Amino acid sequence: MAPSLKGILFMCAGVLCLAIGDALSKWLGEAYSPLQVIFFRTLVSVPLIALLAYYGGGLRKLRTRRPLMHLVRGLIYTGTMFCFVFGLTLLPLAEATAIAFVAPLFVTLLSVPLLGERIEMPVMIASLFGFLGVLIVVRPGGEAFQLGSLVLIGAATFYSLMLITARRYGSTEHLWAMVFYMTLVPLVLTALVLPWFWQTPEPRHWPGFLASGVFGVGAMAFITMAFRFAPAAIAAPFDYTAMLWAVLLGWWFWGEIPDAWVFIGSALIIGSGLAIGYHERRTTLKRRPTS
């Protein structure tokens, strides 16, 4: 099997794991506080990440010289998870996924003040089409525009800040350290406040709490493998297969059927993301020195 095809298959598997984890979080969030959902998800994820780090080069990969940076990333990740889990309980799964796709567009805009980067005109135009897609999905002033939309836009904003910090410090910190401490911080924070929100899980919910953490780590592992086998320009676009899984899972478990506006807005968001990725890929190739 060609390496690029392996990368694509790993990416699709990782995205499927993410979609299942999101569906589980939505299901659990209907009965428990988002803080309790986050606690159990990270409680399962942290030891699994440490185990992967151990077999991926040893626990020395978790050493860091930037504890404050990891704390900030962990706080941002906590905000991301809280907003996303809370938003999942307020909106259909497909609509929530569509709004979350706006995160790369936020990265493009925030990279200007935070990283000092410059936005070229084609990227700006693609971003405007992406935000038009978001407006179509959430429809300000309509019935679809509600607290859930605002919360999920907040989740996308937090997530974009995580991506920016990864771009800023990823070359000096090991991947496993970035992921481990990012997950450890919300575990500690939710554990501290959990006594005020604790609700003893029903027996049927325990497998869901366990599976949400396992699928979260599985997604990270598969996506990491995807970028090892295939270039980002080939693997990254398959991240948008999450929309397909969100539609299927939402229909299967909750009977949710997105209206035409959600599909139209999603197409604009996905198209703008692909256009930006294609432009950045071409720019990188042009700037690469010849051998």
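**Note on the predicted model**

1. Leu192 has a relative accessibility of 56% and therefore counts as exposed, since the cut-off for that class is over 50%. The model under discussion is a predicted one.

2. At least two residues of the patch come from helix 3 (67-88), and at least two come from helix 8 (175-193). A reader who wishes to find the patch in the structure may begin with these two helices.

3. Pro67 is also located in helix 3. Is Pro67 buried or exposed? With a relative accessible area of 57%, Pro67 is exposed. The C-alpha atom of Pro67 lies 38 Å from that of Gly133, and the two residues are 66 places apart along the chain.

4. As to annotation, an unreviewed UniProt entry lists "domain: EamA" at residues 6-138 and 147-272. In the model, residues 6-138 are 80% helix and 0% strand.

5. How many salt bridges does the structure hold? The count is 2. One of them joins the side chains of Lys26 and Glu256, with an N to O distance of 3.5 Å. Lys26 is part of helix 1 (residues 3-29), whereas Glu256 sits in the loop between helix 11 (242-254) and helix 12 (260-287), so this pair ties together parts of the chain that are 230 residues apart in sequence. Both Lys26 and Glu256 are buried.

6. A further salt bridge is formed by Arg204 and Glu202, whose closest N and O atoms are 3.0 Å apart. Arg204 is exposed, at a relative accessible area of 53%. Glu202, at 37% relative accessibility, counts as partly exposed, because that class lies between the limit of 20% for buried and that of 50% for exposed residues.

7. The cysteines deserve a separate remark. The model contains 0 disulfides. Cys17 takes part in none, the nearest cysteine sulfur being that of Cys12, 11 Å away; a disulfide would require the sulfur atoms to be within 2.5 Å. Cys17 is counted as buried because its relative accessibility is 11%, which is under the 20% limit. Cys83 is likewise buried, with a relative accessible area of 14%.

8. Ser160 is placed in helix 7 (residues 147-169). This serine is buried, at a relative accessible area of 0%. Which residues does Ser160 contact, apart from its neighbours within four places in sequence? They are Ala103, Phe106, Val107 and Leu110.

9. Ser212 is found in helix 9 (residues 206-229). The relative accessible area of Ser212 is 0%, and the residue is therefore buried. When residues up to four places away in sequence are set aside, Ser212 touches Leu24 and Arg41.

Key:
Residues are numbered from 1 along each chain as its sequence is written. This is a predicted model: local features need pLDDT of at least 70, side-chain atom pairs count only at pLDDT 80 or more; totals for chains, interfaces and linings use all residues. Side-chain values use heavy atoms; hydrogens and water are left out. UniProt positions are given in the numbering used here, feature names are shortened, and annotations may be inferred rather than shown by experiment. Helices (H or I, at least four residues) and strands (E, at least two) are DSSP runs, numbered from the N terminus. Buried means under 20% relative accessible area, exposed over 50%, partly exposed in between (1.4 Å probe, protein chains only). Contact means heavy atoms within 4.5 Å. A salt bridge is a side-chain nitrogen of Lys or Arg within 4 Å of a carboxyl oxygen of Asp or Glu.
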